[in-house]
There are 2 protein chains.
Amino acid sequence: MKFLITGGAGFIGSNMADRLLRDGHSVTVYDKFVTGRREFLAEAAKNPSFKLVEGDCADEEALSAAMEGADFVFHFAANADVRRGLEHPYKDLEQNTNNTYHVLEAMRRAGVKRIGFSSTGSVYGEASVIPTPEDAPFPVQTSLYGASKLAGEGLIAAYAEGYDFQGYIFRFVSILGERYPHGHVYDFYRALKKDPDRLFILGDGHQKKSYLYVGDCINAILTVIEKAREKVNIYNLGTDEYCEVTDSAGWIASELGLSPEFSYGGGERGWVGDNPFIYLDTSKVRALGWRPELSIEEAVRATVRYLKANEWMFD
Amino acid sequence: MKFLITGGAGFIGSNMADRLLRDGHSVTVYDKFVTGRREFLAEAAKNPSFKLVEGDCADEEALSAAMEGADFVFHFAANADVRRGLEHPYKDLEQNTNNTYHVLEAMRRAGVKRIGFSSTGSVYGEASVIPTPEDAPFPVQTSLYGASKLAGEGLIAAYAEGYDFQGYIFRFVSILGERYPHGHVYDFYRALKKDPDRLFILGDGHQKKSYLYVGDCINAILTVIEKAREKVNIYNLGTDEYCEVTDSAGWIASELGLSPEFSYGGGERGWVGDNPFIYLDTSKVRALGWRPELSIEEAVRATVRYLKANEWMFD
């Protein structure tokens, strides 16, 4: 099959590109290299079935030209800076909502009808049911990021109904693993490089978090697009476990051979709009036969090892 | 209190303006007069507490200047052409999603923190629970209109959480009554003026529809903003009854003194993306003491009488 991946030079996108090429598919990566990194495509670039197109998702003409002949589009390009949403509210709207519209329009032009979309467990807001299933009670949004991704989901579903598209919507917990570019493992690692004796943790450290290893995430996505047959297929992706931020900080320190003293900002949340707990019911994707291979602790440790071997990630 | 109403020259907005002025409030209408009509503001314009500002919701500077000193913003400006969404998918995104963002940003600039928003029962897609409560299972969108309004809801909720706004979100069934500018009563009336002997009905005529009289809608909104105290207040607005399209066609013909022969396009839906049935559970708003005063039949007949007395509406 022939795939186009927006944001294909990013964390999840480049892992997907490598995997698809390994499986014998053709891959075009479409990326504007704002947060994407050329280093992530070094392996892919050696493959004759790989093509790179630099461009903006808002440029429907260039994007539709790039997806000519594609069978499937993964739309992973996004503003993933969840935490700073309130500093620039337009960013989420532009990059996560409006760009999803532009990708869908480019697909209409190019005659491509199948799309996979990286949504988020943040769309459940403060879920009243935990673990949260896909058909949880209609949630109230609590973050600009979640709201912008939910809007992207809505567009994809409406295109599926109205223009006969097929949509695959993945509501992720946070993803860890090789090429992980930001978030708490990255932040804690960097802080410990500066001061190996002390680590400051936002909130009270008891914030519960669920994480998924990027390789398991890719496996889950490919399982779903192979097996799910609805017009709109919505799947939670996560593990059946969770940890507290303090646990994770401990694993990171241990993997680095350090024993820092932890101090805490206090309060139940790391920041305004931080969900106290995203923990997803993943029985729907498990019913398709998928299982995660790494535990959260293994995923955290794998991430630290990757960062250790690639300290240029902090440049 | 001082209110600003975007889309205040429209069907619901102008009815709200008249009511608020009658209740002794100050009202600024902000409208760009694309679908809004100056005739709807003839009464309001006589009141010294009324002000009209012509402008586009995307013009944050002009809008924030217009809302200086306001206590509350009703954001009713929207693309309400539900049926033709697939002909111009950008319209819903621009006018219902992005303009809601611009209104929220204008409010941030002006320091106004309370907003009432006209959403729609279409956000429930093909509801699995009927009558549909506000916390129905997380729906899948089926129309660009519903998706664009859901995105607007999400923005308002995220602003409530992030910027300490208070949001009132109203999920309407279709509204009927004085100044009703489009939809089936309007279309059937016009068709019967052309040919009083025959009426062509899209679908099989058994599409079930629930309608609410505009005066009852305004009462419900004012009840909610007076009594509901959450950060984000989401309320269905509708009646506890429904009719079939054929019933309504019969009432319209009867009110006009006609006995046309009905013919049908066939199929369960009037058009692609038409929900087969939007019927909302309104126990939440009823718990605040509100009751509708008109039945659906009375609302349909009142609408026909209004159109009869105002045939310029068809110019």
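Trainee: How far apart are the C-alpha centres of domain 1 and domain 2 of chain A?
Mentor: In this predicted model, the C-alpha centres of domain 1 of chain A and domain 2 of chain A are separated by 24 Å.

Trainee: And how many residues does the contact take from each domain?
Mentor: Domain 1 of chain A gives 30 residues to the contact, and domain 2 of chain A gives 23 residues.

Trainee: Which elements give two or more residues to the domain 1 side?
Mentor: On the side of domain 1 of chain A that touches domain 2 of chain A, they are helix 1 (11-22), strand 7 (174-176), strand 10 (211-213) and helix 6 (214-227) of chain A. Helix 6 of chain A supplies the largest share of that side, eight residues.

Trainee: What is the make-up of that side by class?
Mentor: The side of domain 1 of chain A that touches domain 2 of chain A has 13 nonpolar, 13 polar and four charged residues.

Trainee: Turning to the backbone, is the peptide bond from A:Ile130 to A:Pro131 cis or trans?
Mentor: That bond is cis, with omega near -5°. A:Pro131 sits in the loop between strand 5 (114-120) and helix 4 (144-163) of chain A.

Trainee: What joins B:Ile130 and B:Pro131?
Mentor: A cis peptide bond joins them, with omega about -5°.

Trainee: On to phi: what is the value for B:Arg179, and where is that residue found?
Mentor: Phi of B:Arg179 is positive, near 75°, and the residue is in the loop between strand 7 (174-176) and helix 5 (184-194) of chain B.

Trainee: Is B:Arg179 buried or exposed?
Mentor: B:Arg179 is buried, because 21 other C-beta atoms lie within 10 Å and the cut-off for buried is 20 or more.

Notes:
Residues are numbered from 1 along each chain as its sequence is written. Chains are lettered from A and ligands numbered from 1 in the order in which they are written. This is a predicted model: local features need pLDDT of at least 70, side-chain atom pairs count only at pLDDT 80 or more; totals for chains, interfaces and linings use all residues. Domain bounds come from an automatic or database domain assignment. Two residues are in contact if their C-beta atoms, placed from the backbone, lie within 7 Å. Helices (H or I, at least four residues) and strands (E, at least two) are DSSP runs, numbered from the N terminus. Ala, Val, Leu, Ile, Met, Phe, Trp, Tyr, Cys and Pro count as nonpolar, Asp, Glu, Lys and Arg as charged, and the others, Gly among them, as polar. A residue is buried if 20 or more other C-beta atoms lie within 10 Å of its own, exposed if 12 or fewer, and partly exposed in between; C-beta atoms are placed from the backbone.
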